[in-house]
Amino acid sequence: MNILRRNVLKGAGAAGAVSVAMAAGLLKPGMAFAADWNKAVFESKDLGSVMGAVGGAGAAAGDISVKAPDIAENGAVVPVEITSNIAGTESIIIIGEKNTQPMLAEFNLSNGAQGFISTRIKMGATSNVRALVKAGGKMYTAAKEVKVTIGGCGG
Amino acid sequence: MSMSRREFLQVLAAAAASGLVLDSKSVLAGNLPAHFYDMPASGNVSFLHFTDCHAQLMPVWFREPNVNLGVGSSNGKVPHLVGDKFLKHYGIKPGTADAAAFTYIDFDTASKAYGRVGGFAHLKTLVDKMRASRPGALLLDGGDTWQGSATSLWTKAQDMVDACIQLGVDVMTPHWEATFGADRMMEVVQNDFAKNGVEFVAQNIITNEFGDQVFKPYVMKQMNGIQVAIIGQAFPYTPIANPRYMVPDWSFGIRDESMQGFVDEARAKGAKVVVVLSHNGMDVDLKMASRVNGIDAIFGGHTHDGIYQPVPVKGPDGGTCLVTNAGSNGKFLGVMDFDVKNDKVVGWKYRLLPVFSNFLAADPKMEALIKKIRAPYEAKLSEVLAVNEDTLYRRGNFNGTWDEVICQALIEGKGADAAFSPGVRWGTSIMPGEPITYERMMDQMAITYPQTTLNSFTGAQIKDIMEDVCDNLFNADPYYQQGGDMVRTGGIQYSVRPGATIGNRIGDMMIKGKPVDPNKKYKMAGWASVTEGVQGTPIWDVVADYLRDKKVIKNVKLYQPKIIGMEGNPGIAL
């Protein structure tokens, strides 16, 4: 880790990674908060309606890796990394299957951007973290179970 | 020697009278030590390994479990074999020293015959004896070294740090060490350990912010001209099983991919032997060995399994990894000799040597150090709280007799309907007729978050807690297990289906003789909450008051839940 980069990022830590990326000119505000924010999808209360609304209901398995802990160290900030190696990846959606609002984030990628995102999500209960990837007009999916436990009692 | 020869012979006579078959010829002849500890070096690369001593500097009694169930693919496999099933699997003769060390069978009589186990002065003698014929051998400490006794708690683990340096530890990885806080860990690693050449390794501890390594992931050493690498694997669920707030900035986890990366890196740098010093727990180690290539052996701990011989596991590329687990409480020293030829391990020999304090002289320097450590605390440690007429122990998947005493003390002391006590695997044993001293009590509860609590939980919440803990023990996938035993219950009766899934294991719950009402609130006492800022009387005050009041502990009723669907499982002997 480059110390300079660390300090820069530490200083910006409170503002969050997205604003850092913006400050660095990597993302423009309009790109981060796209005009077509889909209120209905984000406020869906169950997995079925989310999947239906984003067109992911019939998604096929694809070359996607969902990296997340087997057991969450803190349900409030669960690190999730999604990599899509599918050619022409256009967007990556993160779904917390048992969250009260399962649709957690949608990342739209353009100009051949690498299909990789790394973020933190909030989870209240053990469930699958599901990635939905849109590529070439088709939907692909992969999931990983993350256990959320009350803790204590370890050997 | 804690027993005179006369007493020793009396015990043997009693043992013979009770029908116990002892390896009496060698014991009586007094030639057990020389014969038993005779292990000529073989090969050219050697590792000595102890783990989970839980800060027991003095020899102790430690009863191995009679319930250690394996579910799913672990059913019937090492380490989930107990008693005679364990003996049979390894071809150990009943009544021998090994049978006494590795199983609970005839615990009271057998352990009196062979004496207390462990103790750093006796361990030091054994380590030095093994080292004498193995120049360059490395001593590995698998962690859970700083926690578990009154003196380690009161000295913030300085006693163990000093004793481990004196013992000659070369490399260490942590778990309960973290409950002294991140700052204290760093202080020891950067000062005491750095000055004395003790390496502290953990490939799976990284910073939350950037994922940087907090400690060295591995170290490389030369042994007889051969490069070896030791990779550290801390307990992956430290911030979950223990308080998160004590290591707020670090992330743990299993991290197979990063393990593979470090194995490859070490090999690329010239390591001909790569071993992992692990606090994963045996089931997790077995799975990891099947997923990561290039590891010659995993020296494991955490689950306190005393495993007589390594389990060979095939990796993805067909290579073999030897998985060991070296028990607990200073009871064992693992000795692995590798024969390395043409840059490859071509043979090996392993023994997990029981540390019988009666048959290993105390190392005078270590004995003097321990005496010095204990001196300021002797009066408090030796206070007799009560006399005990039972065998008190904790280890096993469900309640031990010590847990019954603790839960009863909680129920009476806190005015509760029922009580929970954590299902940790540490805690020494007490023989019938022995006093319960303050020191022995502290063996069960010496932690940095000892507060007792009294909560009002609904029946449904109580069930949820029990289901959650039970899944940490019996999840079919070892990577979701945390390596503790089931939460200990006082005043609750229940049935358990270990082979079921979360939410479906616990049934037939009763409190105070009545079926548990999911909506009714119950007063539940407990201790060792992992939540920050919890207030309450320390558990040792509650239990000490209870013991002083009772004066005699006898006829402890051991509660065993009704275990369903485990008929024929060799991990249980009742």
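Colleague: How are residues, chains and ligands numbered or lettered, and which pLDDT do local features need?

Modeller: Residues are numbered from 1 along each chain as its sequence is written, while chains are lettered from A and ligands numbered from 1 in the order in which they are written. In this predicted model, totals for chains, interfaces and linings use all residues, side-chain atom pairs count only at pLDDT 80 or more, and local features need pLDDT of at least 70.

Colleague: Over which residues of chain A does pLDDT stay under 50?

Modeller: With pLDDT being the predictor's confidence in each residue, from 0 to 100, chain A has a mean of 80, and 74% of its residues reach 70 or more. There is a stretch with 16 contacts beyond four places in sequence, a contact being a pair of residues whose C-beta atoms, placed from the backbone, lie within 7 Å. The stretch where pLDDT stays under 50 is residues 1-32.

Colleague: In what order do the elements of chain A run?

Modeller: Helices (H or I, at least four residues) and strands (E, at least two) are DSSP runs, numbered from the N terminus, and chain A has 5 helices and 8 strands. From the N terminus on, the order is α-α-α-α-α-β-β-β-β-β-β-β-β.

Colleague: What share of the residues of chain A count as buried?

Modeller: A residue is buried if 20 or more other C-beta atoms lie within 10 Å of its own, exposed if 12 or fewer, and partly exposed in between, with C-beta atoms placed from the backbone. Of the 155 residues of chain A, the share that counts as buried is 32%.

Colleague: How many residues does the largest nonpolar core have?

Modeller: Such a core is a set of buried Ala, Val, Leu, Ile, Met, Phe, Trp, Tyr and Cys residues joined through C-beta atoms within 7 Å. Among those with the most contacts inside the largest one are A131(A), I230(B) and I231(B); leaving aside neighbours within four places in sequence, I231(B) is in contact with residues including V201(B), F262(B) and V276(B). The number of residues in this core is 203.

Colleague: Which elements of chain B do the buried residues of α14(B) pack against?

Modeller: In α14 (residues 364-374) of chain B, M366(B), L369(B), I370(B) and I373(B) are buried. Seen down the axis, these buried residues fall within an arc of 95°, taken from the directions from the helix axis to the C-beta atoms, so they line one face of the helix. The face turned away from the buried side carries the exposed residues P364(B), K371(B) and K372(B). The elements that the buried residues pack against are α7 (120-132), α8 (150-154) and α9 (158-167).

Colleague: Is A55(B) buried or exposed?

Modeller: Most residues other than glycine have a negative phi, whereas A55(B) has a positive phi of about 65°. A55(B) lies in the loop between β1 and α4 of chain B. Because A55(B) has 27 C-beta neighbours inside 10 Å, the residue counts as buried.

Colleague: Which residues does a cis peptide bond join?

Modeller: Most peptide bonds are trans. In the loop between β1 (45-50) and α4 (83-90) of chain B lies P79(B), and the cis bond, with omega of about 10°, joins V78(B) and P79(B).

Colleague: Which element gives the largest share of the side of chain B that touches chain A?

Modeller: 33 residues of chain B are in contact with 15 residues of chain A, and the elements giving two or more residues to that side of chain B are α11 (238-241) and α18 (459-474). The largest share, 4 residues, comes from α18(B).

Terms used. Two residues are in contact if their C-beta atoms, placed from the backbone, lie within 7 Å.
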